[in-house]
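Let's take a walk through a protein and see which side chains meet. Keep the picture beside you as you read.

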Amino acid sequence: MLIDGVFSGGGLKGFALVGAYEVLEEKGYQFKRVAGTSAGAILASFIAAGYTAKEIERLFDDLDLTSLLDSRLTMLPFPLLKWLHIYWRLGLYQGKELEKWFLEKLADKGVYSFSDLPEGSLKLVASDLTNGRMIVLPDDLERYGIAQETFPVARAVRMSCGIPFFFEPVRLKVGSGDTIVVDGGVLSNFPMWIFDNDVGKRDRPVLGLKLSRRKEEMEGRQIKNAINLFEALFSTMKNAHDEKYISRKHEKNIVFIPVENYSATQFDLDEESKRDLLDIGRKRTELFLNLW
C-alpha cells in the first residue's frame with residue numbers, strides 16, 4: 001500500500017522511529033513521499049534515498065555516536081571553552097562530522113542533491129532564526145536565491161537537526177550576510193500538515209510517527225529550577241504550532257511512541273537502550289496497525 005509519511009523530531013530517541021519503520025515495511029506499506037524534522041528528517045532522507053529498515057538499523061549499529069561530536073581545537077580550559085563556544089559559535093559542536101556522515105551514507109545510494117530524488121518526494125523542516133520563519137526544504141530555498149535542484153540533501157538534513165546550543169547553526173550565505181538556521185523543531189517538530197494541498201486534501205493516506213504520548217496522556221511538568229524552566233520553555237515552543245493542527249481527526253493517523261524516559265542528546269547511548277527504543281517503536285506501531 002502506498003502512503004506518505006511524516007516523522008517527528010526527538011534527537012537520539014529517533015531510534016524508535018527505525019523500529020516503527022521496520023514494522024511498516026514488514027506489513028507491506030511503502031512511502032511515496034516522506035517528510036520530517038530533526039531525527040525525523042534523518043529517517044525521511046534515508047527512506048527517500050532507498051534504504052530499507054534493516055539497512056538503516058545497521059547504519060546506526062555501526063556508528064559510534066560520539067564520533068559526531070566535533071569540538072573545535074583550543075588551548076583554553078574545557079569549562080571556559082564550553083561557554084565561549086556557545087557565546088561566539090552558538091553551539092558546543094561544529095556539526096561538520098554529522099553532515100559528513102549524512103553525505104557519505106546518502107552517497108552510497110547515489111543521492112547528493114535534491115535532483116537525485118523524485119520531485120516532491122522529500123520535505124524537511126528547519127528554522128530560520130534571522131528572519132523568524134520556518135523553512136521547508138527544498139521548497140523554500142528559492143526565496144534565498146538558492147537553486148533547489150543543486151542543494152545538497154546532507155546539508156538540508158544537517159539544517160533540520162541542528163539542536164540549538166548543542167550544534168553550531170548552519171549559516172546560509174544570502175546576499176552580503178548570513179542567515180542563521182537551526183533545528184526545525186523550534187517551529188514545527190511534527191509537520192503533519194506538510195502534505196495538505198491548498199484545500200486541505202491529501203493525495204493518499206498520510207501516516208505520522210510522533211515521538212511522544214498523546215496530549216491527554218502527558219503529565220504536567222515539574223519546574224523547580226532554571227534548567228527545568230528552559231526544558232519546559234523549549235518543549236512548549238516546539239510543540240505549540242503542531243498541537244494546534246493535530247485534532248482528533250488527525251490522531252487516528254498518528255503512531256504515538258512514548259520515549260520520555262530517554263534523552264534527545266544522549267550520544268553515549270548504550271546498546272541496551274538502543275534496542276529498547278527500537279522495541280518501543282515496533283510494539284507501538286504493531287498495536288496501531290491492528291486498528292488502522
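Start with rings: those of Phe, Tyr and Trp (its six-membered ring) pair if their centres lie within 6.5 Å, and planes under 30 degrees apart count as stacked, over 60 as edge-to-face and the rest as tilted. This is a predicted model, where local features need pLDDT of at least 70, side-chain atom pairs count only at pLDDT 80 or more, and totals for chains, interfaces and linings use all residues. Residues are numbered from 1 along each chain as its sequence is written, and side-chain values use heavy atoms, with hydrogens and water left out.

Now find Phe-15, Phe-46, Tyr-51, Phe-60, Trp-101 and Phe-102, which ring pairs link into a cluster.

Searching the whole structure turns up 15 aromatic pairs. One of them is Tyr-93 with Phe-166, a tilted pair at 5.2 Å centre to centre and 55° between the planes. This pair links distant parts of the chain, since Tyr-93 is in strand E3 (residues 91-93) and Phe-166 in strand E6 (residues 165-167), 73 residues apart. Strands (E, at least two residues) and helices (H or I, at least four) are DSSP runs, numbered from the N terminus.

On to charges. Side chains of opposite charge can pair when their charged atoms come close. We call it a salt bridge when a side-chain nitrogen of Lys or Arg is within 4 Å of a carboxyl oxygen of Asp or Glu, and this structure holds 18 of them. Take Arg-33 and Asp-4, whose side chains meet at 2.7 Å, N to O. Arg-33 lies in strand E2 (residues 30-37) and Asp-4 in strand E1 (residues 2-7), so their bridge ties together parts that are 29 residues apart in sequence. Asp-4 is buried at 0% relative accessible area; buried means under 20%, exposed over 50%, and partly exposed in between (1.4 Å probe, protein chains only).

What about helix H9? There, Lys-274 and Glu-271 lie 3 residues apart, about one turn of the helix, and they form a salt bridge with the closest N and O atoms 3.2 Å apart. Lys-274 is buried at 4%, while Glu-271 is partly exposed at 41%. Both belong to one network of salt bridges that share partners, which also includes Glu-22 and Arg-282.
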